Amino acid sequence: MNLKRLQGKVAFITGSGSGIGKAAALRLAEEGAKIGLIDLKGDNVNKVKRQIEEAGGEAIALDVDVSDPVQVKQAVKEVIGTWGKLDIVFANAGINGTLAPIEDMEMEDWSKTISIDLTGTFLTVKYAIPHLKENGGSIIITSSINGNRVFSGFGMSAYSTAKAGQVAFMQMAALELAQYKIRVNAICPGAISTHIDQSTKRTPELDKIEIPIEFPKGGSQPLEDGPGSPKQVANLVLFLASEESNHITGTPIYIDGAESLLR
Ligand code: NAD
């Protein structure tokens with residue numbers, strides 16, 4: 001008996017060259033899904049593709065900037081051209097971007113974060129919908145505790161606005177797409193050990209606005225006293241992608257070891 005939960009399914013995963021997206025790609029592939037690996041960094045997704053293939057799975061790797069509508073549309077077309085269908089979309093690519101007080105935030109820094117984190121999500125969902133409509137499906141969006149429960153990420157006004165926007169967008173989409181049996185949910189991670197710091201630019205002006213916060217025993221993650229792992233998040237993505245969550249839509253799910261309740 002074949003117990004793989006996503007056998008025969010096709011998934012489109014953005015930001016799958018690193019961190020949460022990579023872990024989700026490996027986990028979903030392990031459960032039988034064929035994976036369209038989408039990332040700005042083509043070398044990284046090529047490595048993930050090889051890892052999936054070595055484990056007996058199927059994947060294609062595409063070098064795509066999710067903030068560019070032409071590239072996203074083409075990427076969806078390539079996945080459809082390869083496997084003829086689409087069932088699961090994980091809109092996950094994102095950056096922290098430039099952290100600065102609002103009065104010092106440059107317009108281009110604001111726009112870059114919004115266009116990758118929020119507009120990138122819109123574009124990924126938009127171009128996937130015509131294909132998901134054929135058989136129903138599951139869309140999962142990576143938001144954050146920031147912008148939803150936590151507002152103490154000083155200098156992260158663009159990031160938090162994008163992350164809050166993703167949850168509003170997810171709820172609009174869930175209602176709009178329910179008639180096509182397309183479920184749409186968001187995950188809101190707390191600190192997870194990934195390479196996200198490489199996309200973070202701290203400006204010296206931050207010193208003007210930071211309010212020091214002290215956590216009990218020095219730890220801000222009560223459950224495990226440390227950040228979560230991409231693998232833990234990948235298991236949540238698997239649940240939301242699978243039939244086991246088939247009555248869940250329009251919901252943000254926090255995965256943060258209670259970090260957001262403390263902050
Ligand atoms: P990561 O940096 O390890 O991975 C992000 C991936 O997205 C990278 O491979 C990067 O190349 C890709 N990417 C960036 N800009 C892109 C673009 N324009 N087009 C295509 N791909 C692009 O970080 P991660 O932590 O795995 O981040 C994944 C998501 O998780 C992000 O949306 C992030 O905001 C969110 N998140 C992360 C944390 C955390 O603590 N790590 C917490 C909450 C939310």
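This is a predicted model: local features need pLDDT of at least 70, side-chain atom pairs count only at pLDDT 80 or more; totals for chains, interfaces and linings use all residues.
**Serine 16**

Begin by selecting serine 16, in the loop between S1 and helix H1 (19-30). With a relative accessible area of 0%, serine 16 counts as buried, because the cut-off for that class is under 20%. Display its polar contacts next. A polar atom of the serine 16 side chain lies 2.8 Å from the backbone oxygen of isoleucine 13. The side chain also reaches the backbone nitrogen of isoleucine 38, at 3.0 Å.

**Alanine 100**

Move to alanine 100, in the loop between strand S5 (97-99) and H4. Is this residue buried or exposed? Alanine 100 is buried, and its relative accessible area is 2%. Beyond its neighbours within four places in sequence, alanine 100 is in contact with Met105, Gly155, Thr203 and Leu206. A C-alpha to C-alpha distance drawn from alanine 100 to alanine 158 reads 9.2 Å, for two residues that stand 58 apart in sequence.

**The nonpolar cores**

Now select Phe12, Val79, Leu86, Ile139 and Val184, the residues that touch the most other members of the largest nonpolar core, a set of 35 residues. Colour by secondary structure to see the elements that give this core two or more residues: strands S1 (10-14), S3 (59-63), S4 (88-91), S6 and S7, with helices H3 (69-83), H4 (107-135) and H5 (157-177). Which element supplies the largest share? Helix H4 does, with seven residues.

Centre the view on valine 79. Setting aside neighbours within four places in sequence, valine 79 is in contact with Val10, Phe12, Gly36, Ile60, Leu62, Gly84, Lys85 and Leu86. Apart from this core lies another, of 29 residues; for a way into it, select Ile88, Phe90, Leu238 and Leu240, which are among its members.

**The second largest pocket**

Finish at the second largest pocket, which holds about 380 Å³ of space. Its lining comprises 21 residues, and those closest to the pocket centre are Gly137, Lys181, Arg183, Glu243 and Asn246. Strand S6 (137-142) and strand S7 (182-189) are the elements that give two or more residues to this lining. Colouring the lining by class shows six nonpolar, eight polar and seven charged residues.

Definitions and conventions: Residues are numbered from 1 along each chain as its sequence is written. Side-chain values use heavy atoms; hydrogens and water are left out. On a 1 Å grid over the protein atoms alone, a cavity is a set of points where a 1.4 Å probe fits but cannot get out, and a pocket is an open set with protein on both sides within 12 Å along at least five of seven lines; lining residues have an atom within 4 Å of a point. Grid points are joined across faces, edges and corners, and a volume is the space filled by probe spheres set on the points. Helices (H or I, at least four residues) and strands (E, at least two) are DSSP runs, numbered from the N terminus. Ala, Val, Leu, Ile, Met, Phe, Trp, Tyr, Cys and Pro count as nonpolar, Asp, Glu, Lys and Arg as charged, and the others, Gly among them, as polar. A nonpolar core is a set of buried Ala, Val, Leu, Ile, Met, Phe, Trp, Tyr and Cys residues joined through side-chain atoms within 4.5 Å. Buried means under 20% relative accessible area, exposed over 50%, partly exposed in between (1.4 Å probe, protein chains only). Contact means heavy atoms within 4.5 Å. A polar contact is a pair of N or O atoms within 3.5 Å; within protein, one must be able to donate a hydrogen and the other to accept it, and residues adjacent in sequence count only if both atoms are side-chain atoms.
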